[in-house]
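Please review the briefing below alongside the sequence and the structure. It covers one residue and then the contact between two chains.

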Amino acid sequence: MSTNTNGATPQRLRDVIAAYGGDPGRWPDDERDGLLTLLRGNAEAAAARDEARALDQVLDSAAAPPPSAALRAGILSVAAPAAPAGTGTTSSAKVIPFRRPDRAGEGPAPHHAAPRRTMWPTAALLAASLLIGVWIGAAGIGGSLVSETLDFASLNSSADTYDYDIGLSEAEGLL
Amino acid sequence: MQSAEESDEDLMRLVSARDAAAFARLVDRHLARVHGLARRLLGRPADAEDVVQDVMAKLWTAPEAWSASKGNFPNWLSRVTSNACIDRLRRRRPDTGLDEVMTMTADEAAPDPFDKAFDTQRANRIEQALERLPERQKLAIVLFHFQGHSGAEVARIMDIKLAAMESLLARARRKLKADLADDLQALLTDN
């Protein structure tokens with residue numbers, strides 16, 4: 001054969017296809033030309049290359065999902081400006097770990113300020129409910145409101161959404 | 001604003017000088033690749049994110065860990081990430097059987113909001129086939145095929161000889177082909 005295969009052998013061609021796949025662009029640079037020359041005259045190797053390409057395509061079809069913005073923000077938080085003096089933190093020491101909500105049961109959660117903040121609206125709502133209950137009881141209108149609530153709660157209404165709206169309006173009117 | 005000529009080495013020098021903007025540019029440049037590597041190696045999205053956060057944050061908290069003498073920055077970052085993932089996998093093993101890991105991987109992937117833009121069913125089959133590979137074969141195929149490192153780079157990252165790396169790659173591909181044989185034709189038809 002007059003073509004220059006740079007020492008490539010059929011066995012090496014099979015090994016390269018088996019390891020690196022069907023894309024010659026991914027083959028070792030210093031062997032590629034010789035192997036391609038050899039490939040042109042070798043039907044068996046060409047078939048192996050086609051099979052390897054098919055597997056490459058299948059693997060390519062499963063793209064990894066991109067990183068979330070929350071993950072990026074969590075990483076960048078380590079470089080946030082230093083906290084004011086006296087807070088005991090510095091930009092290089094303060095790492096705010098990003099933890100996904102589905103980590104329940106996998107160890108202690110990091111300390112966050114967020115859970116404390118979310119308690120206040122709940123407490124305020126409970127206090128408001130208590131005050132409204134006391135006021136309704138004192139005004140003597142509890143009976144009708146309880147009755148309406150029971151009507152709403154029963155599932156035999158044909159227009160429960162309508163009833164719910166009315167109930168809300170009346171409750172607001174009472175307030 | 002990022003300069004087209006700004007190398008990783010330049011950015012790391014700025015990061016060492018506590019330049020937060022340079023750190024953000026470095027993170028943006030490498031986050032997707034590092035996340036993809038961790039996700040492929042670990043399967044579980046939450047574990048992958050934990051590892052990525054730790055690895056990337058250390059670029060800021062301990063920038064001296066990398067120096068030009070340690071070689072190409074992306075290769076070094078892949079090696080650090082791979083090692084962190086392998087540590088995580090080894091810590092996971094005593095608590096979790098392989099079958100359980102595979103089930104959890106598939107179950108977690110489906111409802112994950114990160115996966116909405118991705119063909120979950122197909123990806124799960126491939127992800128599970130990757131999960132079934134031995135650790136070093138998986139690392140080789142992920143670094144080479146999914147991360148785009150050259151064979152020589154993969155060998156350096158894994159600290160093994162090129163011939164050994166080729167053997168790992170070939171065995172990984174053979175197993176994946178056998179594992180995905182039933183799906184291979186259908187997957188290609190869908191493409």
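B:Arg88 is buried, with a relative accessible area of 14%; buried means under 20% relative accessible area, exposed over 50% and partly exposed in between (1.4 Å probe, protein chains only). This is a predicted model, in which local features need pLDDT of at least 70, side-chain atom pairs count only at pLDDT 80 or more, and totals for chains, interfaces and linings use all residues. Residues are numbered from 1 along each chain as its sequence is written, chains are lettered from A and ligands numbered from 1 in the order in which they are written, and side-chain values use heavy atoms, with hydrogens and water left out.

**Setting of B:Arg88**
- B:Arg88 lies in helix 4 (residues 73-92) of chain B; helices (H or I, at least four residues) and strands (E, at least two) are DSSP runs numbered from the N terminus.
- Between B:Arg88 and B:Asp47 the C-alpha to C-alpha separation is 8.0 Å, while 41 residues separate them in sequence.

**Extent of the interface**
- Contact (heavy atoms within 4.5 Å) joins 51 residues of chain B to 43 residues of chain A.
- The two chains bury about 4100 Å² between them, 62% of it on carbon and sulfur atoms; this is the accessible area (1.4 Å probe) lost on being put together, summed over both.

**Salt bridges**
- Four salt bridges are found across the interface of chain B and chain A, each a side-chain nitrogen of Lys or Arg within 4 Å of a carboxyl oxygen of Asp or Glu.
- A:Arg12 and B:Glu166 form a salt bridge through their side chains, at 2.9 Å from N to O.
- Elements of chain B giving two or more residues to the side that touches chain A include helix 2 (20-42), helix 3 (45-61) and helix 9 (162-179).
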